[in-house]
Amino acid sequence: MNIWLAVVLTAVGCYAVKLAGLLVPGGVLERPLVRRLAALLPVALLAALTAQQTFAHGTSLVIDARAAGVGAAALALLLRAPFLVVVGAAVLVTAGVRALAG
């Protein structure tokens, strides 16, 4: 029963957030600060999610093969590699470090 209550509350909350977005006046959305925030917020959220998935295990901080993979991806990005090369480098380095570490 608690799970269904959580599902229903989440659905209502999502609907309320979407409705609030539709009710915002157009003038507010045209402000430079709001436009800049809307452009930068997804990047910041994705970076935070990547950091959390890379360096956290439960409630502890870990440095393992995933960190090496992110480092390889960052290096590939600095070298302006295509997206598939960036992902491939991250996968190969992560797999290689895990294979060597046992």
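1. Let's start with T54. In this predicted model, T54 counts as buried because its relative accessibility is 6%, and the cut-off for buried is under 20%. As for where T54 sits, look in helix α3, which covers residues 32-55.

2. What does the side chain of T54 do in there? One of its polar atoms lies 2.7 Å from the backbone oxygen of T50.

3. Which residues does T54 touch, once you leave aside its neighbours within four places in sequence? The list is V62, D64, R66, A67 and V70.

4. Now over to helix α1, which runs over residues 2-23 and holds Y15. Y15 has 58% relative accessibility, so Y15 counts as exposed; the cut-off for that label is over 50%.

5. Y15 also has a part in a surface feature. Together with L19, L22 and L23, Y15 makes a nonpolar patch of about 490 Å².

6. K18 is another residue of helix α1. Buried or exposed? K18 counts as exposed, because its relative accessibility is 63%.

7. One distance to finish with. V62, already named as a contact of T54, is 44 residues from K18 along the chain, and the C-alpha atoms of K18 and V62 are separated by 36 Å.

Conventions:
Residues numbered from 1 in each chain as written. Predicted model: local features only at pLDDT ≥ 70, side-chain atom pairs only at ≥ 80, totals over all residues. Heavy atoms only, no water. Patch = residues over 30% accessible without salt bridge, like charges linked within 9 Å, V, L, I, M, F, W, Y side chains within 5 Å. Areas by Shrake-Rupley, 256 points an atom, 1.4 Å probe, with all protein chains shown as cover. Salt bridge = Lys/Arg side-chain N within 4 Å of Asp/Glu carboxyl O. Helix = DSSP H or I, 4+ residues; strand = E, 2+ residues; numbered from the N terminus. Buried < 20%, exposed > 50% of the residue type's maximum accessible area, 1.4 Å probe, protein only. Polar contact = N/O pair within 3.5 Å; in protein donor to acceptor, adjacent residues only side chain to side chain. Contact = heavy atoms within 4.5 Å.
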